[in-house]
Amino acid sequence: MARLPQPGGDNGAWGDILNDFLGVEHNTDGTLKDTGSLSAKADDADVVHNSGAEAITGTKSFSASPVVPTPTASGHAATKQYVDTAAGTHSVAVKTSAYIVTPADEVILANASGGSFAVTLPTAIGSARAFSVKKTDASASTVTVNTTLGQTIDGGTTAVLRVQYESITVVSDGANWFII
């Protein structure tokens with residue numbers, strides 16, 4: 001039976017003992033024997049490695065949830081918690097005077113109790129966002145929603161919010177804004 005050399009013993013015979021041990025699983029050229037116990041192990045091409053790019057197909061089951069970092073690109077994986085949090089968050093801007101909407105905005109709460117003012121939408125060209133503007137005060141002052149670059153809102157040049165809690169939500173068709 002082949003064995004490994006014993007430290008402190010086998011003086012002068014280490015090479016022979018080690019070669020006998022390796023000879024159990026390896027051919028003389030160093031490749032694995034077809035009949036050895038290691039030959040039944042997975043080929044390197046058939047295993048998932050800790051680094052490098054690899055395609056993994058089929059359904060996989062994990063005994064514990066894999067760690068998924070915060071996604072930074074559209075093709076990255078995301079956890080359910082990340083998606084739930086991102087979907088449940090709204091960017092809300094509270095304004096009391098003229099305001100130019102940024103692409104990061106989503107909801108603009110406009111308080112015109114100090115006087116009428118305008119909220120100006122960004123360009124509709126290339127916009128994939130929806131924007132909501134709501135008048136929150138009960139004054140007679142108005143909130144006018146303007147466009148840029150000659151664009152329209154439902155065919156008009158502006159939309160005017162006159163009463164408390166009146167609101168509009170607009171989306172772009174790539175050229176103009178539409179109230180939904």
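Strand β4 (residues 117-120) and strand β6 (residues 143-146) pair in the parallel sense over four bridges, where strands (E, at least two residues) and helices (H or I, at least four residues) are DSSP runs numbered from the N terminus, and two strands pair if DSSP finds at least two bridges between them. Within this pairing, Thr120 has Asn146 of β6 as its bridge partner. The model is a predicted one, in which local features need pLDDT of at least 70 and side-chain atom pairs count only at pLDDT 80 or more, whereas totals for chains, interfaces and linings use all residues. Residues are numbered from 1 along each chain as its sequence is written, and side-chain values use heavy atoms, with hydrogens and water left out.

Thr120 of β4 is also the bridge partner of Ile100, and the strands concerned, β2 (residues 99-100) and β4, pair in the parallel sense over two bridges. Strands β6 and β7, by contrast, run antiparallel and are joined by four bridges, with Ala159 in β7 as the bridge partner of Val145. The four strands form an open sheet with mixed pairing, in the order β2-β4-β6-β7. Strands β2 and β7 (158-161) stand at the edges with a single partner strand each, so one side of each is left without a neighbour in the sheet.

One salt bridge is counted under the criterion of a side-chain nitrogen of Lys or Arg within 4 Å of a carboxyl oxygen of Asp or Glu. A salt bridge joins the side chains of Lys135 and Asp137, at an N to O distance of 2.9 Å. Lys135 and Asp137 are both buried, a class defined by under 20% relative accessible area, with exposed meaning over 50% and partly exposed lying in between (1.4 Å probe, protein chains only).

Two surface patches were examined, patches being made of residues with over 30% relative accessible area and no salt bridge, with like charges joined within 9 Å and nonpolar side chains (Val, Leu, Ile, Met, Phe, Trp, Tyr) within 5 Å. Leu18, Phe21 and Leu22 make a nonpolar surface patch of about 230 Å², the areas coming from the Shrake-Rupley method with a 1.4 Å probe. Leu22 lies in helix α1 and counts as partly exposed, at 36% relative accessibility. A negative surface patch is formed by Asp43, Asp44, Asp46 and Glu54, of which Asp43 is found in the loop between α1 (14-23) and α2 (80-87). Asp43 is partly exposed, its relative accessible area being 47%.

How values were computed:
Lys and Arg count as positive and Asp and Glu as negative; His and the chain ends are not counted. The place of a charge is taken as NZ of Lys, CZ of Arg, CG of Asp or CD of Glu.
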